Amino acid sequence: MSAIAVDWSGAKQVKEKLWLAHVRQGQVYELRSFSTREEAVDRLIALLKSDEEAVGGLDFAFSFPGWFIRELNLADAFEFWTLVEREGEGWLRDCEPPFWGRKGTEKSSLPNHFRRTEERAAAGRVSPKSCFQILGPGTVGTGTIRGIPFLPGIREAGISIWPFDSPELPMVVEIYPRTLTGPVQKNSKQHRSEYVEANWPNLPASVREVVVESEDAFDAAVSALVMDRSLDQLQNLPPGDAISRLEGEIWSPAQAQGKAVKCERHD
């Protein structure tokens with residue numbers, strides 16, 4: 001049994017921004033960045049196929065709010081994935097309502113900017129961004145639009161995608177690293193280092209050095225470590241309900257969050 005987490009990127013050039021971590025029984029077996037999204041997904045599929053009890057986590061939204069999908073006259077999330085593959089780059093290029101974030105655009109007035117799962121995350125004191133925002137700090141829309149087209153290929157490889165499919169291994173779930181790490185100032189190397197020392201003190205020094213070197217490597221590694229600790233929960237996920245099978249669901253065991261650390265400021 002193992003866990004693989006991919007810290008995704010919506011950037012045109014993902015080199016050094018897209019990381020994959022592979023963890024088994026608390027040991028980090030692989031932690032590396034990729035030059036393309038295709039290479040990262042191919043590696044994820046290979047790892048999942050080599051271990052039929054493995055679970056993978058991808059850091060982008062697997063769908064959009066249900067009202068938007070219904071407004072497009074689509075029957076289900078699978079039809080939506082096909083549409084995103086065909087139209088997504090045009091959405092990013094044109095940034096027309098309901099999308100926003102580029103210079104000269106304003107936040108659209110929408111029935112709801114968030115999926116149910118994001119509203120639940122917000123209730124847990126994190127601040128998810130809207131999939132409709134495609135530019136700006138912490139933006140998730142671009143990564144989502146450039147991530148969803150990979151889901152059909154993962155599924156065609158014989159890997160379940162929860163909660164759209166039955167929760168059968170090997171399986172991929174949507175993750176949101178902030179809900180897995182808990183409170184930490186991730187853009188500070190000092191804070192990342194103290195967090196890792198507090199929560200994963202037995203990591204080899206060579207691995208720890210890579211984990212704390214960048215925020216992206218940190219997110220991938222910590223997400224995979226938390227998933228590895230929670231494999232019993234991941235292996236017993238409930239089937240999706242009607243809303244989650246349309247909008248997707250962020251996997252997040254609240255009890256797996258790391259210990260918060262306090263760092264003094266050093267100018």
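Colleague: Where is the place of proline 98?
Modeller: Heads-up: this is a predicted model, where local features need pLDDT of at least 70 and side-chain atom pairs count only at pLDDT 80 or more, while totals for chains, interfaces and linings use all residues. Residues are numbered from 1 along each chain as its sequence is written, and side-chain values use heavy atoms, with hydrogens and water left out. Helices (H or I, at least four residues) and strands (E, at least two) are DSSP runs, numbered from the N terminus. In those terms, proline 98 sits in the loop between H3 and H4.

Colleague: What is omega for the peptide bond from leucine 169 to proline 170?
Modeller: Proline 170 is in the loop between strand S5 (160-161) and strand S6 (171-174). The bond joining leucine 169 to proline 170 is cis, with omega about -5 degrees.

Colleague: Which residues touch the most other members of the largest nonpolar core?
Modeller: A nonpolar core is a set of buried Ala, Val, Leu, Ile, Met, Phe, Trp, Tyr and Cys residues joined through side-chain atoms within 4.5 Å. Buried is under 20% relative accessible area, exposed over 50%, and partly exposed in between (1.4 Å probe, protein chains only). Of the 47 residues in the largest core, the ones touching the most other members are Leu44, Leu58, Phe64, Phe80, Leu151 and Ile154.

Colleague: Which helix gives the largest share of this core?
Modeller: Two or more residues each come from strand S1 (3-7), helix H1 (37-50), helix H2 (66-71), helix H3 (77-94) and helix H6 (151-156). The largest share, seven residues, is from H3.

Colleague: Are H8 and H10 roughly parallel or roughly antiparallel?
Modeller: Helix H8 (residues 189-199) and helix H10 (residues 215-229) pack at about 15 degrees with axes 12 Å apart. Axes are lines fitted to C-alpha atoms, for helices over the stretch in contact, and angles run from 0 to 180 degrees between N-to-C directions. Under 35 degrees counts as roughly parallel, over 145 as roughly antiparallel, 65 to 115 as roughly perpendicular and the rest as oblique. So H8 and H10 are roughly parallel.

Colleague: Which helix do the buried residues of H4 pack against?
Modeller: Arg116, Thr117, Glu118 and Ala121 are the buried residues of helix H4 (residues 116-123). With contact meaning heavy atoms within 4.5 Å, the buried residues of H4 pack against H12 (242-247).

Colleague: Is asparagine 73 buried or exposed?
Modeller: Asparagine 73 lies in the loop between H2 and H3, and its phi is near 60 degrees, a positive value in a residue other than glycine. At a relative accessible area of 69%, asparagine 73 is exposed.
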